[in-house]
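I opened this model to look at its packing and its sheet. My notes follow.

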Amino acid sequence: MKKEEMLQHLKALDPAIFTLLQDEICRQRCTLSLIPTESAISPLAAFLEGSALANSTLDTYGAAHTSSIEELVRTRAQDLFGSEHAVVRLGGIAAASRVAFLALLHPGDTVLSFNRRKEEHCAGLNYHFESFGIDPVAQRVDWDEVMQLAERVRPRLIIFSPVSYPCIPNYERLTEVARAVGAYLWVDIGQCVGLVAAGLIPSPVACADVVSFPTNDALRGPDGAILLCKKELAARMDAAVANTGHSALHMNHLAALGFALHAAAQPKFRTYSEQVLSSAAALAAALRERDIELLAGGTETHLLLAAPAAGVDLMESVRSLRRIGVYVKPDRIPTMRSEILLSALRLSTVGAVTRGLAPADMALVADVLACVLSGTCTDRTEDRLRMEVAKLLMDKPLFSEAWMNEVSAHVAAAPSSVHDHATGERMSILKNLLR
């Protein structure tokens, strides 16, 4: 059945779901998300997820039962990140986190975690969490202070997840801290995974015992997560996967993940990631020109932490930006002094660049953010900015053709080309739902 026929059947049989689908596509096309965890999936990865591979399930796990497709995906992950072992059969970062905890810790062990990250994934698990954060004045991590804290609390595991840290971490210094107190080191690189894969920012894989990351957003793959680890931890990680119920997985998910990893190894992905960095730097410069405070002094990655002016309510800023058509993530950033929390919007250029926005477009984005964060945005101004955002996004797809990998001429001309088929299906859906 062709896509157009399927859509007509869906509309006739389940108009409520059809309307939700139509409304969501319109919302995504007409609004801009600067939320770090949101970016469009690659059309080819989406094609594989919706393919006949969805009818096949892998229902065993372990070295004796490894399938060819799982081994391919694992090898690609290891090669891309230079890891000794990879776990790819994971439904999401929460599942990956629980696997890591169960593989590394015993009940009652102490965990020293940046901003208490991963504690939210410990329901039913018995660990004692201690927190470290940025210096409230310098707004950067003081590694000497972290060393002193680690020597005092003697953690079994140190976790660093820079999802709210726009600077490049000192992984060598963090490794020294972990080794000094006999702790495992686990780094969750989060949405920095794309920049790490492209070789544009340092990777913690060589020094950390465990590295984790989601496989959607920055990698533009399916929902899921990957755990990388040292070879001496491989058996424990695999056992934790099997013991936590990750024994079945559909082949379509693995195929989509394998493609995303393959795409991340291509020159086109590096070009995309370079533009993510350039756009983040351009947005940071534009916000500073408009007198918006950026925590940690700006950005060295895809991430910016933009603070509201004194007296401006952070949540009202979020609501105002949503009315304009810009989605953002509010955050309260912990510091090394537990009584001090810093308010900011956690912004990323990952999704904006996926859609085809360039560094030159960041001036308009900065105008919108600065107007709201400065507290000068009136109802009339909101209306004007809404129109400007709509104009900016008018010709922007959810996934820009600029980031599709080129194929040879004879392959591109073939009627059965997966590239042509996926592109044609995507255009057909948009034509039918948005006309």
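I started at F81. Leaving aside neighbours within four places in sequence, I find F81 in contact with V193, V196, A197, V205, F213, L228 and L261. Contact here means heavy atoms within 4.5 Å.

A note on the source: this is a predicted model, where local features need pLDDT of at least 70, side-chain atom pairs count only at pLDDT 80 or more, and totals for chains, interfaces and linings use all residues. Residues are numbered from 1 along each chain as its sequence is written, and side-chain values use heavy atoms, with hydrogens and water left out.

Next I looked up the cores. A nonpolar core is a set of buried Ala, Val, Leu, Ile, Met, Phe, Trp, Tyr and Cys residues joined through side-chain atoms within 4.5 Å. Buried means under 20% relative accessible area (1.4 Å probe, protein chains only). The largest core has 75 residues, and F81, I158, F213 and L261 have the most contacts inside it. Helix α10 (residues 251-264) gives this core its largest share, 8 residues. Another core lies apart from it, with 36 residues, including I324, L347, A352 and L393.

Then the sheet. I count 7 strands in an open sheet, ordered β3-β9-β8-β7-β6-β4-β5, with mixed pairing. Strands are DSSP E runs of at least two residues, and helices are H or I runs of at least four, both numbered from the N terminus. Two strands pair if DSSP finds at least two bridges between them. β3 (85-87) and β5 (128-132) are the edge strands, each pairing on one side only.

Last, I checked β4 (residues 110-114). This strand runs parallel to β5, joined by 5 bridges. F114 has F132 of β5 as its bridge partner.

Terms used. Buried < 20%, exposed > 50% of the residue type's maximum accessible area, 1.4 Å probe, protein only.
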